[in-house]
Amino acid sequence: RFLGGEGARVRAAAALAAESPSEEAFTQLVRESHQLRVSVAEADKLTKELAQMRWKAGSQDELLTMLGQRTPLAQVRARVTEALRVGLQELPSVQAAVVSVQRAEAIEARAQFALQHRAPLD
């Protein structure tokens, strides 16, 4: 019997299969998996799930608030980038934000072009 490796794998699999695993359970399992000298197959999945849980708990509300008001493009882009990094591109709020960022970038590019190519005022 190995020293905790199989037990950690079983706990990781159980956490992934649970209906509503807690962030604390995921955090503990990720911590345990990083302490092992061997790779646990579920460790990457746990890490991704934990990142998604944390993003949904905080950044999703921020993103929705940003979409409802005038917010600098860089801030919205940063939240979208975070969401995409943790694999949340399927969330409706993220999809809406991606579209908003793309539209804003297109307007920004057209505005910059227009300003660079305007006729002199004299």
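Student: Which residues of α2 are buried in this predicted model?

Tutor: In α2, the buried residues are F26, T27, L29, V30, E32 and S33. The label requires under 20% relative accessible area.

Student: What makes the span of helix α2 agree with its number of residues?

Tutor: Helix α2 covers residues 23-35, which is 13 residues. At 1.5 Å a residue, these should span 18 Å. The end C-alpha atoms are 19 Å apart, so the two values agree.

Student: How do you know that the span of α3 agrees with its 27 residues?

Tutor: The reasoning uses 1.5 Å a residue, so α3 should span 39 Å. Its end C-alpha atoms are 37 Å apart, which agrees.

Student: Where does α3 bend?

Tutor: The bend is at K56, and it comes to about 45°.

Student: Which residues of α3 are buried?

Tutor: The buried residues of α3 are E42, A43, L46, L50, Q52, W55, S59, Q60, L63 and M66.

Student: Why is A51 called partly exposed?

Tutor: A51 sits in helix α3. Its relative accessible area is 25%. Buried needs under 20% and exposed needs over 50%. A51 falls in between, so it is partly exposed.

Student: How many residues apart in sequence are A51 and R85, and what is their C-alpha to C-alpha distance in space?

Tutor: A51 and R85 are 34 residues apart in sequence. In space, C-alpha to C-alpha, they are 9.2 Å apart.

Student: Why is S93 called buried?

Tutor: S93 belongs to helix α5. It has a relative accessible area of 7%. The cut-off for buried is under 20%, so S93 qualifies.

Student: Which residues is S93 in contact with, leaving aside its neighbours within four places in sequence?

Tutor: They are Q60, L63, L64 and L67. Each has heavy atoms within 4.5 Å of S93. Q60 and L63 are also among the buried residues of α3.

Student: What makes Q95 partly exposed?

Tutor: Q95 is in helix α5 as well. Its relative accessibility is 38%.

Student: Which residues does Q95 contact, leaving aside neighbours within four places in sequence?

Tutor: Q95 is in contact with Q89 and E90. As for L84, it is 11 residues from Q95 in sequence and 9.8 Å away in space, C-alpha to C-alpha.

Student: Which residues line the largest pocket?

Tutor: The lining is M66, L67, Q69, T71, L73, V76, S100, V101 and A104. The space in this pocket is about 150 Å³.

Student: Which helices each supply at least two residues of that lining?

Tutor: They are α3 (41-67), α4 (73-85) and α5 (92-116). The largest share, three residues, comes from α5.

Student: How does the lining of the largest pocket divide into nonpolar, polar and charged?

Tutor: Six residues are nonpolar, three are polar and none is charged. Met, Leu, Val and Ala count as nonpolar, so M66, L67, L73, V76, V101 and A104 go in that class.

Student: What is the secondary structure of the protein?

Tutor: It comes to five helices and zero strands. From the N terminus on, the order is α-α-α-α-α.

Student: What share of the contacts with a separation of 6 or more joins residues 24 or more positions apart?

Tutor: The share is 60%. Buried residues, for their part, make up 28% of the 122 residues.

Note on methods. Residues are numbered from 1 along each chain as its sequence is written. This is a predicted model: local features need pLDDT of at least 70, side-chain atom pairs count only at pLDDT 80 or more; totals for chains, interfaces and linings use all residues. Side-chain values use heavy atoms; hydrogens and water are left out. On a 1 Å grid over the protein atoms alone, a cavity is a set of points where a 1.4 Å probe fits but cannot get out, and a pocket is an open set with protein on both sides within 12 Å along at least five of seven lines; lining residues have an atom within 4 Å of a point. Grid points are joined across faces, edges and corners, and a volume is the space filled by probe spheres set on the points. Helices (H or I, at least four residues) and strands (E, at least two) are DSSP runs, numbered from the N terminus. The expected span of a helix is 1.5 Å times one less than its number of residues. The bend at a residue is the angle between axes fitted to the seven residues ending there and the seven starting there. Buried means under 20% relative accessible area, exposed over 50%, partly exposed in between (1.4 Å probe, protein chains only).
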